[in-house]
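Notebook open, model loaded. I want to go through the charged pairs and then the nonpolar packing.

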Amino acid sequence: MAEAAGDAGLGPGPGPAQEGAELAAVIGATVPTGFEQTAAEEVQEKLGSASRISRDRGKIYFAVPARSLPQVHRLRSVDNLFVVVEEFKDYQFKENKEDALKDLEGLVKKLPWTDPLKVWELNNSLKKKKTKRKKHNLQSPASKEKLNDGGEEGGADQKDTNDQEDCAQSIVGVASSQDTEKPQGVASQNGGEEEEEDNEQLNARDEVQASSGSSTKAGDGQTAEGEAKVLKFRVTCNRAGDKHSFTSNEAARDFGGAVQEHFQWKADMTNFDVEVLLNIHNNEVVVGIALTEESLHRRNITHFGPTTLRSTLAYGMLRLCDPQPTDIIVDPMCGTGAIPIEGAAEWPGCYHIAGDNNPQAVKRAANNICSLLRKNESKDSSTALGVPLDIIQWDICNLPLRPGSVDIVVTDMPFGKRIGSKKKNWDLYPACLMEMGRICTPGTGRAVLLTQDKKCFAKALSRVGHIWRRAQTVWVNVGGLHAAVYLLRRTWERAEERRSFW
């Protein structure tokens, strides 16, 4: 049999809880590659838990009491969440494929499934309560009165689209004839959020107590009412490393067969209740159970463009520049508005300005802002507020802002692939950096810029070195492209109005 040699890190998932002990969990989170430390800092700040960054890039692990699950789901830097069943830091795989796969099969009945499945059940019950609460709010008379034209949030596509177009026109004054996607719901900041958080915390605590006092187990294939129900599941294997004798599909197939035999669950690749994760990175093996059905990075955007930035990556970029209350933050190439919307949601004490030269992009961003406002209004709260964010159409090389009037510039620059071209970037990049330098406060201003065209950026930065100094570089993966996030600091030098670069 395969052996797990050495320290198991954060170790096995929590074992069977002792009588009266609080249910706890080791949570695994996937995060934007390169921003693992940022995610760990957020977990420490908001949950008070220390994190361990995995050797497999893009993952962190941290331990929390199960009652903290609502706060875990509100983390801004994580894409997907799972509860760890067990982790091996140095799993010894057999060289022969059949033996290695047989060892993985035998592992299933040895793993401590009980508490992780309780956490999964608790997570499911919280999701159901949240869904019911949303439906109640949308159907309440107060929320109906707040929505434009008396329409409901979950109404017909055409009415929903018209409402969003009206909102977009009021924000930016451009007619909208496309972008008919329905809002999927976005994160919000309003006076009712603290009350909602308290309610979720109480619900989580009640569910934990109910779970600890109940003999019902997911492993027994029972529902909360005691009715027999066969759970459906699938196994997803993520494997990295070149020393394995088996493929990801083979590992998922054989491990899944053992899970099915152990729990008597039914395999279903699409309509599953439980997703078991088998993460293999060289000799590091982590078995987990998924807590998210879709990535949390989709929280803010309902109208997507060709290069929409993930909200989790936008959060990492914003946090890198350390926004302070009353800072003016500008995204001069906002696209669909992922960065300023994330900024307004997480840093409401700052003023956020977004702009783009493309009217279609401005329209999409305006519709995304509109969805955020509608989400605020749909909550059953009399204290719903607006967002400190404005959107305008402008020329990136001639911004309508006074010199030194901006504290922070954060933007996703054109890669020269889906939008623009690398040839155009040779003219665009230095002109952008000079204009950003003009509007940024000398001495204290900073910029966080994302680009995949690193050669062009380095050349442009060398040409404007008198106004910008590179302070930090974070290497990230954006849709399979090796990109970089640059943190720049504004020097005290005066930026010239116009300058010949090449």
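I started with Glu-42, which comes out at 0% relative accessibility and so counts as buried, the cut-off being under 20%. This is a predicted model, so I keep that in mind throughout. I then looked for the partner of Glu-42: Lys-46 forms a salt bridge with it, with the closest N and O atoms 2.8 Å apart. Both residues sit in helix H1 (residues 36–47), four residues apart, about one turn of the helix. Lys-46 is partly exposed, at 34% relative accessibility.

Next I checked Arg-52 and Glu-87. Their side chains meet in a salt bridge at 2.2 Å, N to O. Arg-52 belongs to strand S2 (residues 51–53) and Glu-87 to strand S4 (residues 80–88), so this pair ties together parts that are 35 residues apart in sequence. I also looked up burial here, and both Arg-52 and Glu-87 are buried.

Lys-94 is partly exposed at 32% relative accessibility, while Asp-103 is buried, with a relative accessible area of 5%. For the tally, I get 15 salt bridges in the structure.

On to the nonpolar side. The largest nonpolar core has 54 residues, and the members touching the most others are Ile-27, Phe-62, Leu-104, Trp-113, Phe-255, Trp-265 and Leu-278. Helix H8 (residues 248–263) supplies the largest share of this core, six residues. I also noted a second, separate core of 30 residues, with Ile-396, Cys-456, Tyr-486 and Ala-495 among its members.

Leaving aside neighbours within four places in sequence, its contacts include Ile-60, Tyr-61, Phe-62 and Val-64. Leu-81, Phe-82, Val-83 and Val-84 are also among the contacts of Ile-27, as is Leu-291.

Last, the whole-chain numbers. I count 13 helices and 15 strands in the chain. Of its 502 residues, 53% count as buried. Among contacts with a separation of 6 or more, 78% are between residues 24 or more positions apart. The accessible surface of the chain comes to about 22900 Å², with 47% of that belonging to carbon and sulfur atoms.

Methods: Residues numbered from 1 in each chain as written. Predicted model: local features only at pLDDT ≥ 70, side-chain atom pairs only at ≥ 80, totals over all residues. Heavy atoms only, no water. Core = buried A, V, L, I, M, F, W, Y, C linked by side-chain atoms within 4.5 Å. Buried < 20%, exposed > 50% of the residue type's maximum accessible area, 1.4 Å probe, protein only. Helix = DSSP H or I, 4+ residues; strand = E, 2+ residues; numbered from the N terminus. Contact = heavy atoms within 4.5 Å. Areas by Shrake-Rupley, 256 points an atom, 1.4 Å probe, with all protein chains shown as cover. Salt bridge = Lys/Arg side-chain N within 4 Å of Asp/Glu carboxyl O.
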